[in-house]
Amino acid sequence: MKANLTTICNIDTQEEIRAFLNKFFRGVEDLNDQKRNQIVLAIDEAIANAIIHGNDNDDQKSIQLDIDINSKRIHIELSDIGLFDEIMNNDKKDKHLKEVIKDKQKGGLGLKLIYSIMDVVCFYTQNNKSYCLMVKLLK
Amino acid sequence: MEIIQHYEDEILTIQLTGELDAKSSIDLDETIKLALLQEKTRIVIDCQRLNYISSAGLGVFISHLDDLKAYGGKFVFYGMNGSVYNVFEILGLHTIMEIVRDRFEAQTLMNES
């Protein structure tokens, strides 16, 4: 199974994207409701980071989402995510929750969620494009 | 996302309806900031109609947690569905936040403090 979409960099689009993802992942047999919700959440977090931090919520820019599923894994790739501090200095994801609370920190939790939910997470650049690759193993 | 507030017996109840994400969390943050300014620090969050929460929504609660405690208040959440509760669980927030089943338990817990 494959799916792809291109979205403008505007946080107003997120609810619509989640609806698209929920509909698509309902067709995947090996996913129960909880796993489906978690995967949609991880993708939503990655897209939110790319829109807000990577592309400054600039709706003249767009990001591309590609999903490829086989019997063993879900492969998700986001491209044109921009380069943002949270990825380049992603120590926030390793921060203890008590420190997050003490620092009254709002950001950084999205990356924590992504790394907790996905089995593989990788951010990289190639040919002047930036990517987020996430893999969820099914079995 | 719809945010409805109700203040009674020194308890502010914030009812959330819909999806709490990067966009809607801005409104929630303003709501809680205003409540703090008005010294409404005992806050019950009614999650019965909350369908989704992202890190941005969680971030709003986390960022105000210590301020509420400093003023002798707190958050109590009730009526969470399984998927919303699971997001709290993934980050370990279910052990830090006070989460109960229903309004009665929420009020009881709030009045104990």
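# Briefing on a predicted two-chain model

In this model, 21 residues of chain B are in contact with 25 residues of chain A. The structure is a predicted model, and what follows should be read with that in mind. Chain A has 5 helices and 5 strands, while chain B has 4 helices and 5 strands. The points below take up the contact between the chains, then each chain in turn, and then a few single residues.

**Where chain B touches chain A**

- On the side of chain B that touches chain A, the elements that give two or more residues are helix H2, residues 55-70, and helix H3 of chain B.
- Of these elements, H2(B) supplies the largest share of the side that touches chain A, namely 9 residues.
- Sorted by class, this side of chain B holds 10 nonpolar residues, 7 polar residues and 4 charged residues.

**A helix pair across the two chains**

- The crossing in which H2(A) passes H3(B) is right-handed.
- H2(A) makes this contact through Gln34(A), Asn37(A) and Leu41(A), and H3(B) makes it through Ser83(B), Asn86(B) and Val87(B).
- The residues of this contact between H2(A) and H3(B) comprise 4 polar and 2 nonpolar, with no charged residue among them.

**Chain A: overall picture**

- Read from the N terminus on, the elements of chain A follow the order β-α-α-β-β-α-α-α-β-β.
- Chain A has 139 residues, and buried residues make up 32% of them.
- When contacts in chain A are taken between residues at least 6 apart in sequence, 64% of these contacts join residues at least 24 apart.

**Chain A: helices H1 and H2**

- H1(A) passes H2(A) in a crossing that is right-handed.
- From H1(A), the residues that meet H2(A) are Gln14(A), Ile17(A), Arg18(A), Leu21(A), Asn22(A), Phe25(A) and Arg26(A).
- From H2(A), the residues that meet H1(A) are Arg36(A), Ile39(A), Val40(A), Ile43(A), Asp44(A), Ile47(A) and Ala48(A).
- By class, the residues of the contact of H1(A) with H2(A) are 8 nonpolar, 4 charged and 2 polar.

**Chain A: Arg18**

- Arg18(A) lies in helix H1 of chain A, which runs over residues 14-26.
- Because a residue is buried if 20 or more other C-beta atoms lie within 10 Å of its own, Arg18(A), with 21 C-beta neighbours inside 10 Å, counts as buried.
- Leaving aside residues up to four places away in sequence, Arg18(A) touches Val40(A) and Asp44(A), and both of these residues are in the part of H2(A) that meets H1(A).
- Arg18(A) and Glu45(A) are 27 residues apart along the chain, and their C-alpha atoms are separated by 11 Å.

**Chain B: overall picture**

- The order of elements in chain B, from the N terminus on, is β-β-α-β-α-β-α-β-α.
- A compact globule of 113 residues would have a radius of gyration near 13 Å, and the value for chain B, 13 Å, agrees with this.
- The C-alpha trace of chain B spans about 30 × 25 × 25 Å along its principal axes.
- Of the 113 residues in chain B, 40% are buried.
- Among contacts in chain B between residues at least 6 apart in sequence, those that join residues at least 24 apart make up 71%.

**Chain B: two loop residues with positive phi**

- Asp9(B) is not a glycine, yet its phi is positive at about 50°; this residue sits in the loop between strand S1, residues 2-8, and strand S2, residues 11-20, of chain B.
- With 8 other C-beta atoms within 10 Å, Asp9(B) is exposed, since a residue counts as exposed if 12 or fewer lie within that distance.
- Glu39(B), which is likewise not a glycine, has a positive phi of about 60°; its place is the loop between helix H1, residues 24-37, and strand S3, residues 42-53, of chain B.
- Glu39(B) has 10 C-beta neighbours inside 10 Å and therefore counts as exposed.

Technical notes. Residues are numbered from 1 along each chain as its sequence is written. Chains are lettered from A and ligands numbered from 1 in the order in which they are written. This is a predicted model: local features need pLDDT of at least 70, side-chain atom pairs count only at pLDDT 80 or more; totals for chains, interfaces and linings use all residues. A crossing is left-handed if the near helix is turned anticlockwise from the far one by less than a right angle, and right-handed if clockwise. Two residues are in contact if their C-beta atoms, placed from the backbone, lie within 7 Å. Ala, Val, Leu, Ile, Met, Phe, Trp, Tyr, Cys and Pro count as nonpolar, Asp, Glu, Lys and Arg as charged, and the others, Gly among them, as polar. The radius of gyration is taken over C-alpha atoms; the globule rule is 2.2 Å times the number of residues to the power 0.38.
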